[in-house]
Structure formats: structure tokens, C-alpha cells
Amino acid sequence: MTLLADLVLLAHFAITVFLVLGMLLIPLGAHWHWSWVRARRMRQIHAGLMALIAIEAVFHITCPLTVLEALLRHAAAPKSFWADQISKILYWDLPLEFFTILYVCCVIWILYLWKSVPPRNKT
């Protein structure tokens, strides 16, 4: 079960990296004329994931990936070095209100990016 928990943690981390890099690279890509930052499907997934995460935070719903990982670990801490390091990066010991504000601000930023760097229309 530890391996499955580590894989869930890795997927959770990959989603986080995708969201954070998207918020940084979309405006940079617009400046440098990178065409991929206007890919509609990628932008829809990016915005949708961030909106889902913000809704979870507003309604105090624990992320299903966090719940699944905890169930697989039986609430034990990660045993492998890399899983422990990723956990430290991913899980911050801060009040829930901090995350709610952070995620809502991220959604606002993504909506701004959608307007200022619009995705390509379907062809």
C-alpha cells in the first residue's frame, strides 16, 4: 500500500506543478509568443482544476487525493525519502483560511490570464 500511496502523492504533486507552472508560464509564453500557452484544451483543464480546488477550499472539502493517500498510508508518514520531501513541499501547516484565500486568488489570476491571453478558438 505504501507504493500506491507514494504514486497518489506523486500524481498530486504533478497536478500542483502543472497548476503553478501554468500560472507562471502562460504570461511569459504570451510575451515570448509561445503558441502552446494558447492551447484551449490545456487551458480548460488548467482553469477547471484550479476552480475545483478553490471550491473545495471554500466549502472546506479535503482534496480526494489527500484522503486517498491518507487511507493508503493508514495515516502513517511517508517512509521513502522522496515521498517525505514531496509531502513537505505539498502539505503546508497553515490555517485553512490561508489556502482558501490563496486558491481564490489563483482562480482570479487564471481568469485574468484567460481574458488577457485568450486561448485559441477551435478551428
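I looked up what covers the buried residues of α4, and found that the cover includes α1 (2–32) and α3 (64–73); here contact means heavy atoms within 4.5 Å. The helices, I noted, are DSSP runs of H or I with at least four residues, strands are runs of E with at least two, and both are numbered from the N terminus. I kept in mind that this is a predicted model, in which local features need pLDDT of at least 70 and side-chain atom pairs count only at pLDDT 80 or more, while totals for chains, interfaces and linings use all residues. Residues are numbered from 1 along each chain as its sequence is written, and side-chain values use heavy atoms, with hydrogens and water left out.

Which residues of α4 are buried? In this helix, residues 81–90, I listed Ala-83, Ile-86, Ser-87 and Leu-90, where buried means under 20% relative accessible area, exposed over 50% and partly exposed in between, with a 1.4 Å probe and protein chains only. Seen down the axis of α4, these buried residues fall within an arc of 105 degrees, so they line one face of the helix; the arc is that of the directions from the helix axis to the C-beta atoms. On the face of α4 turned away from the buried side I found the exposed residues Phe-81, Lys-88 and Ile-89.

Next I stepped back to the whole chain, which has five helices and zero strands. Of its 123 residues, 27% count as buried, and the C-alpha trace spans about 45 × 30 × 25 Å along its principal axes. Among contacts with a separation of 6 or more, 81% come from residues 24 or more positions apart.

I then followed Ala-30, which is found in helix α1. Leaving aside neighbours within four places in sequence, Ala-30 is in contact with Val-37, Arg-38 and Val-117.

Last, how many disulfides does a search of the whole structure find? I recorded zero, taking a disulfide as a pair of cysteine sulfur atoms within 2.5 Å. For Cys-63 the nearest cysteine sulfur, that of Cys-106, is 14 Å away. The sulfur of Cys-105 is 7.1 Å from the closest cysteine sulfur, in Cys-106, which is too far for a bond. I also noted that Cys-105 counts as partly exposed, because its relative accessibility is 43%.
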